[in-house]
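Please open the structure in your viewer and keep the selection tool at hand.

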Amino acid sequence: MSGAAVLDVQDLDVVYDTASGPARAVNRVSFALRPCQRLGLIGESGSGKTTMGTALMRLTRAPGRIAGGRILLDGADILTLSPRELRATRLRDIALIPQGAMSALNPVMRLRAQMVDAILAHEPGRSKVELDARISELLTRVGLDPVVADRYPHELSGGMKQRAVMAIATSLSPKVIVADEPTSALDVVVQRQVMQTLGRLQAGLGAAVVLIGHDMGLIAQFADTVGVMYAGRLVEIGPVAAMIEAPRHPYTQLLIDSLPGIDVKRRLTGIPGLPPPLVTLPDGCPFAPRCPLAHDRCRSELPSPQTVAPEHRVACHLYPEHESLPPFRAAEATA
Amino acid sequence: MTAPLVELRGVKQVYGGFTALDTLTLSVPDRAATLAIAGESGSGKTTLARILLGFIEPTQGEVRYRGKDIATMTKAERFEFRREVQPIFQDPFDVFNPFYRIDHVLEMPLFRFGLARTKAEARPLIEDALERVGLRKQDTLGRFPHELSGGQRQRIMVARAVLLRPRLIVADEPVSMVDASLRATILDEIRDLNRNLGIAFVYITHDLTTAFQICDDIVVLYQGKVAEAGAVERVIGAPKHPYSQLLVSSIPLPDLSRRWGDEGMEVPAEQSDRRSDGCRFAPRCPHVMAKCWSVDPARSLADPDRAVACHLDTDGAPLSGEDIAQVFTEGDANEAATHA
């Protein structure tokens, strides 16, 4: 599988140097994506998901640093590229749709100028006629009227700004798109439209997508593969159907249980307790203090990721002894 | 019959030339009701919250609290209203003064409303309120706001509201800034306050799933007007207004049998430039008819416990402003009759 992978992340470590010691925000994370694959990366605040997305672009800034591992993009490790090679790679091969499109656009430049900047940085010497045609095509592709090219960001609605950012991010047909909570500030109807647009773009380009978010519902609507992060670790990754209908990690199940549906009224249950501080991680499994199924081994020995089904890996001591996740009640969890 | 807890009669709010709320008539019965006000940005839901809290006086119309017009309340009545109707705001990062410890945030309102005179008197009340929202005193008292997590801060705001033994809590997007798991916990605690202490709440949100879970009734606002109102099982479970249908179909559910797919939507997500003199939703409506552009649909009672403002719903009996205010109470009366 790694032979066909367009993005292959191996044992990635990202550390924030803090006054109380290094905080391991991304902790030996590995996964691979084929072209056209849609990975949804989910986790609570502080689980390392945004740090992960930033690291994939090699945009990690002090006090954060990439402390180890490899990020292979089409076989080449972006962590060893020269600054010049890295600039050429970003946008052309891997592009980021950041959180909060409002702050991603330059407020004093018309959209056209910002789009031209991005294209010319990679493909200098394009004529004005070529650029205009390209910009019209890019805007149309994300569902915007080409006339918005001559507007300033403040003249656009939130959904239009998010689309404009998507048009810039995909202007050079990247092979991998990293989208970090692209719809977090949008109304539900606009959110649905923007996600559908992202889906069409992805399919048209044949790109792989890493969608980062904390809403399992949104991830399930979009992704074909779901990865769950907890305290910097990828604790489970697998096909979306298996992850929703038969997750293996107790944390994944609790995340799903905390989502309110609209079919039956029931008590809303969150996950008791808080994630551990990343500076002083507990021995053993980082989820053990909150896990309703934790046993002695979980508190002393860190579980390694193991394959439980095709393309389905989980880091939990319940396996391989158990065939599936044993039933439990969230109320039994200790805070 | 006792007067409703809160009653809005023909309330209109105009900012400059923009009408944020348009002749809204609505009532919250005085029986520990749980009412959701749902809509997108620009629907007028935050304006409605500010009017319910008495923060702004509407341009037109009246707001009655337990039968009294809040604009003409005496100073003493106004003081009581301020204690009985408590807000919880959206952003747990903005509402605290960073220079005061949590103790001060919780003591001040007790002193202000004369529920405690000394710190010693305040202490047990504060500890009880903290416990009700799932906080431990050793984790919170004596600390500064920046030492608490976003979830803890938001629960402090809930505790602060509960301390004053209110009749009504108006919560404007109280959990939009916290994670899904914590969201569930905090909303469950608010629902518990309603069950155990009989506090009514108005939950203002754009999130229909949480509205469905914690509220009995819902009002869907579109551009300052009621599109649909009634029991959540009706309005969210089987929406009739095309706008409610659009909202419900856009909920991201973790259900693979209800995936959106990538095809475009049949309706524009955002307001187009074309203005309608009739139904405000006409420019986005997939079922728009000629008369929608010129005639504003009257609300009608589609079911015993649901009202809809749409020309498609011609079977329902038209409702007057007075009638619509009674939808929730009458719905319950019918329910009670069936149970009896």
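**Chain A as a whole**

Begin by selecting chain A, which contains 11 helices and 12 strands. The model is a predicted one. The C-alpha trace of chain A spans about 70 × 50 × 40 Å along its principal axes. A compact globule of 335 residues would have a radius of gyration near 20 Å, and chain A, with 21 Å, agrees with this. Of these 335 residues, 48% count as buried. Among the contacts in chain A with a separation of 6 or more, 65% are made by residues 24 or more positions apart.

**The sheet of chain A**

Next, select the strands E6, E7, E8, E3, E9, E10, E12 and E11 of chain A, given here in their order across an open sheet of 8 strands with mixed pairing. Which strands stand at the edges? They are E6 (94-97) and E11 (306-309) of chain A; each has a single partner strand, so one side of each is left without a neighbour in the sheet. From one strand to the next, the twist averages 25°.

Helix H1 (residues 49-56) of chain A lies across E3 (38-42), E6, E7 (176-180), E8 (208-213) and E9 (225-230) of chain A. The direction of H1 is at about 150° to E8(A). Helix H6 (residues 158-169) of chain A lies across E6 and E7 of chain A and runs at about 170° to E6(A).

**Arg313(A) and its surroundings**

Select Thr307(A): its bridge partner in E12(A) is Arg313(A).

Is Arg313(A) buried or exposed? Arg313(A) counts as buried because it has 21 C-beta neighbours inside 10 Å, and the cut-off for this class is 20 or more. Display also Ile237(A), which is 76 residues away from Arg313(A) along the chain, although their C-alpha atoms are separated by 5.4 Å. Leaving aside residues up to four places away in sequence, Arg313(A) touches Ile237(A), Gly238(A), Pro305(A), Gln306(A) and Thr307(A).

**Backbone details in chain A**

Select Ala62(A) and Pro63(A), where the peptide bond is cis, with omega near 5°. Pro63(A) is part of the loop between H1 and strand E4 (64-73) of chain A. A cis peptide bond also joins Tyr319(A) and Pro320(A), with omega about 5°; Pro320(A) lies in the segment after E12 of chain A.

Then select Arg28(A) in strand E2 (residues 21-33) of chain A. Its phi is near 50°, a positive value in a residue other than glycine. With 18 C-beta neighbours inside 10 Å, Arg28(A) counts as partly exposed.

**Chain B: a strand pair and a loop**

Turn now to chain B and select strand E6 (residues 85-88) of that chain. Val85(B) and Pro87(B) point one way from E6(B), Gln86(B) and Ile88(B) point the other way, and all are buried. E6(B) pairs with strand E7 (residues 168-172) of chain B in the parallel sense over 4 bridges. Within this pair, Gln86(B) stands opposite Ile169(B) in E7(B).

Arg66(B) is in the loop between strand E4 (60-65) and strand E5 (68-69) of chain B. The phi of Arg66(B) is near 45°, a positive value in a residue other than glycine. Arg66(B) is partly exposed, with 18 other C-beta atoms within 10 Å.

**Two helices of chain B**

Select helix H6 (residues 150-163) of chain B together with H7(B): they pack at an angle of about 10°, with their axes 11 Å apart. That angle makes H6(B) roughly parallel to H7(B). From H6(B), Gly151(B), Gln154(B), Arg155(B), Val158(B) and Val162(B) meet Leu182(B), Ile186(B), Glu189(B), Ile190(B) and Leu193(B) in H7(B). By class, this contact has 6 nonpolar, 2 polar and 2 charged residues.

**Where the chains meet**

Finally, display both chains. Their contact takes 38 residues from chain A and 33 residues from chain B. On the side of chain B that touches chain A, the elements giving two or more residues are helix H7 (180-197), helix H8 (208-214) and helix H10 (242-249) of chain B. H7(B) gives the most, with 7 residues. By class, this side of chain B has 17 nonpolar, 10 polar and 6 charged residues.

Conventions: Residues are numbered from 1 along each chain as its sequence is written. Chains are lettered from A and ligands numbered from 1 in the order in which they are written. This is a predicted model: local features need pLDDT of at least 70, side-chain atom pairs count only at pLDDT 80 or more; totals for chains, interfaces and linings use all residues. The radius of gyration is taken over C-alpha atoms; the globule rule is 2.2 Å times the number of residues to the power 0.38. A residue is buried if 20 or more other C-beta atoms lie within 10 Å of its own, exposed if 12 or fewer, and partly exposed in between; C-beta atoms are placed from the backbone. Two residues are in contact if their C-beta atoms, placed from the backbone, lie within 7 Å. Ala, Val, Leu, Ile, Met, Phe, Trp, Tyr, Cys and Pro count as nonpolar, Asp, Glu, Lys and Arg as charged, and the others, Gly among them, as polar. Axes are lines fitted to C-alpha atoms, for helices over the stretch in contact, and angles run from 0 to 180 degrees between N-to-C directions. Angles under 35 degrees count as roughly parallel, over 145 as roughly antiparallel, 65 to 115 as roughly perpendicular and the rest as oblique. Two strands pair if DSSP finds at least two bridges between them.
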